[in-house]
Each structure stands twice: as structure tokens, then as C-alpha cells.
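Student: I have a protein model to go through and would like to ask about it piece by piece. Could we begin with its open spaces?

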Amino acid sequence: MNLEDYKDVWVFIEQRDSHIIDVGLELLGAGRELANKLDAKLCGFILGDHVTEAAKSLYAYGADKVYVIDDPILKNYRTETYMKATGDLVRKYKPEIILYGATANGKDLASAVATEVMTGLTADTTLLDINVEKRLFEASRPAFGGNIMATILCKKHRPQMATVRPKVMKKPDPDWQREGTVELISEAISLKEDTLRTKVIEIVREAKKAVNLEEADVIVAAGKGIKDEKGLQIVQELADVLGASLGASRDIVEAGLCGHDHQVGQTGLTVTPKLYIAIGISGAVQHVVGMQNSDLIIAINNDPDAAIFNAAHVGVIADAFEIVPMLTQAFQTELAREDAGGVTADV
């Protein structure tokens, strides 16, 4: 393998029902930084049915080129078809780096492609960088129970690949005024439906969960320090007053106090709310990687040396069982005052 034959940074643009989902756009923002450091082009690749029009919007998000395979056989995600399509593109165009969203489909495709083209893959990365001198992609992720950050290199094979969780990277603002037009490169896939080992019989849409932390503007999260159901109730009351969603650390979920759909962190969800209030959370890296990009982080902990304060914008050293009810009462009083003022003004 001649490593010098490989160039450009590629991003897998995942779509559902021909609509691009945000993680691909987020990775275009991260990919733009990598491509600039390598003096390379940023390219998206999109697979599906009736996706060519959607592909044209990627120029506004930073793509220089977009590779498209638009075929009815790709309408629904299947490992077999998407692996074949991606493998064909990789062998023909030889990208230096490929980023995938760490969604169910993205993780499945990335691992399948790694075996198809015989290269490495770093999963669930949280930091991306480039060793410019050696043209090595530095993909970092928590390791050994979150006690260290491991930077993983793929020195002898190409492309260098990684999956990145949704919401870890910031989606760039689209620039619809970019000069020129995106270079669309259309390719075909040689597979036929009657030769495939898998068939899509029916797509059943699961009812949307009531808890949707990934879209929440305000999250109040409970950690090990809240201890029990009584402590969780105190946190829930604050969340209710603020109209916030309830989040939790892994300790709380494993204790059976919250369901997994509330869990924030490496083994849970990555969230980016406008306000994140961490109550009784120690600040282990496994949790921090899931909420560190929140606009404002307020941490409440009685341990002045708690690691959570390193990630917080505002730190409160206090007993949660004392201060949280006080905060709840203060917010209730203020909201009642505002409501009363509103009624008076209307009269």
C-alpha cells in the first residue's frame, strides 16, 4: 500500500428517507478543520435513493466535493449494500481519512468497511486532530474506564477512520453564499436486488420516546451524590420547576433510580443544552464527554476537589440536599411573581 496515493478527508453523510441527519453536517465542520491542516479537500459521500438533490446542500456546510450513489437498492440501510458501495468508492478514490457518525447505522457501516478494505477504525472518538508532519490522524477517546484519554493512530493502512458521536462536534452555520458550485460525482452500484442475502420486508417506526435529552434546552442531571430516591426527587422537583429534562450519570442508572434513556456520558447520550445543571456528579471523564459542549454548565457538589468543577462554567460548593430545595423554592417564587405581574398587566 502506497500511503501517498490517499488524499482528502471524507465524511459519511447519513440520511433517512432522503433527508440528511445532523451528525453528518456536524462532522463536515470537524472535517473542515482536518482538511485545512492537511491542505486537502473536504468531501462528503451520500448513499440512498433520491438523495442527489439533498447532496447539493452540503456545499453550504463546507464540502468541496460530494460523492453520490443514488439507487433504489440503497433506499433502506443494509450492511451488505452500503458496505459494497462504500468499499467501491474507497478503492476508486482513495480517501486519506473517513469520519462516520456513531449512530447505529454509522457504527455498523464503519466496522464493515474496515474489514472490507482492511484498515483500522477508532470508535466513539471525542477529540480529532492531525499530526501534520506525518499526516497521521489522531483520534482520541476515553480508555481504561475513562481514567485516561487514548490517542489511536493508524500508521500503516489507509483510509484512517473513526466514528464520532452525534452532538460532540458543533454543526457549522450554513453559508449559502459560498461562491461556485459543489462538485457532485455520481457513481453506480453493481448489486442487483435478487442477488442480495437480505431483504427489507417492512420498516416499523418505533413510537418516539418521551425522554429526548438530545433535543433538550435545559437539563438537570443527578449523580451518585444524590444517593437515593429521596435525593432524586429533590433533583426532579428542580427540573420540573425549570421545565427541564432529567439527566443522570451512569451510577444513578445502574442503581435503578433512572432509566438508560436519561443517561448522559460515554455509555449514554451526548447532549448540548443551553443549560446543564450537574448535581452530585463527580465529573468522571465518561460523563463529561457527554455534556462538555453545553452552553452553560453549573455544577453543585460538596467536594471542592470534584473534577466536575473543571468542566463547569459556574461551580457551587454546597450540600445538594440543602441548596437544591432552596433553588427550587427561589425559582417557584420568581415564577409566581412573574405570573402575578402578567395577570396584573393584562387587567
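Tutor: In the second largest pocket, α1 (22-38) and β8 each supply at least two residues of the lining. Keep in mind that this is a predicted model.

Student: How many residues of the lining of the second largest pocket come from α1, the largest share?

Tutor: The second largest pocket has a volume of about 620 Å³. Its lining is made of 26 residues, and those nearest the centre are K167, V168, M169, K170 and K171. The largest share of that lining comes from α1, with 7 residues.

Student: What is the volume of the largest cavity?

Tutor: Searching the whole structure for cavities of 30 Å³ or more gives 1. Its lining consists of D124, T126, R141, P142, R165, Q266 and V289. The space in the largest cavity is about 40 Å³.

Student: Is T126 buried or exposed?

Tutor: T126 sits in the loop between β7 (121-125) and β8 (127-131). Leaving aside residues up to four places away in sequence, T126 touches S140, R141, P142, M149, V168, M169 and V289. Its relative accessibility is 9%, and the cut-off for buried is under 20%. T126 therefore counts as buried.

Student: How many helices and strands does the protein have, and what share of the 347 residues is buried?

Tutor: The protein has 9 helices and 17 strands. Its C-alpha atoms fill a box of roughly 65 × 50 × 45 Å along the principal axes. Of the 347 residues, the buried share is 47%.

Student: Among contacts between residues at least 6 apart in sequence, what percentage join residues at least 24 apart?

Tutor: This value concerns contacts between residues separated along the chain, where a contact means heavy atoms within 4.5 Å. Among contacts between residues at least 6 apart, the share joining residues at least 24 apart is 65%.

Student: Which residue of β11 is the bridge partner of I98?

Tutor: Strands of a sheet pair through backbone hydrogen bonds, either parallel or antiparallel. β6 pairs in the parallel sense with β1 (residues 9-12) over 3 bridges, and there V9 stands opposite I97. β6 also runs parallel to β11 (residues 160-164), joined to that strand by 5 bridges. In β11, the partner of I98 is M161.

Student: Which strands stand at the edges of the open sheet of 5 strands?

Tutor: This open sheet has the order β14-β13-β15-β16-β17 and parallel pairing. A strand at the edge has a single partner strand, so one of its sides is left without a neighbour in the sheet. The two strands placed like this are β14 (245-248) and β17 (314-317).

Student: What does the twist average from one strand to the next in that sheet?

Tutor: The twist is an average over steps from one strand to the next. For this sheet the value is 20 degrees.

Student: Which residue of β15 is the bridge partner of V218?

Tutor: β13 (residues 218-222) and β15 (residues 275-279) run parallel and are joined by 5 bridges. V218 has its bridge partner in β15, and that residue is L275.

Student: At about what angle to β13 does helix α5 run?

Tutor: Helix α5 (residues 229-242) lies across β13, β14 and β15. Angles here run from 0 to 180 degrees between N-to-C directions. Relative to β13, α5 runs at about 175 degrees.

Student: Is E229 buried or exposed?

Tutor: E229 lies in helix α5. Its relative accessible area is 62%, and the cut-off for exposed is over 50%. E229 is therefore exposed.

Methods:
Residues numbered from 1 in each chain as written. Predicted model: local features only at pLDDT ≥ 70, side-chain atom pairs only at ≥ 80, totals over all residues. Heavy atoms only, no water. Pairing = 2+ DSSP bridges. Helix = DSSP H or I, 4+ residues; strand = E, 2+ residues; numbered from the N terminus. 1 Å grid on protein atoms, 1.4 Å probe; cavity = no way out; pocket = protein on both sides within 12 Å on 5 of 7 lines; lining within 4 Å. Points joined across faces, edges and corners; volume = space filled by probe spheres on them. Buried < 20%, exposed > 50% of the residue type's maximum accessible area, 1.4 Å probe, protein only.
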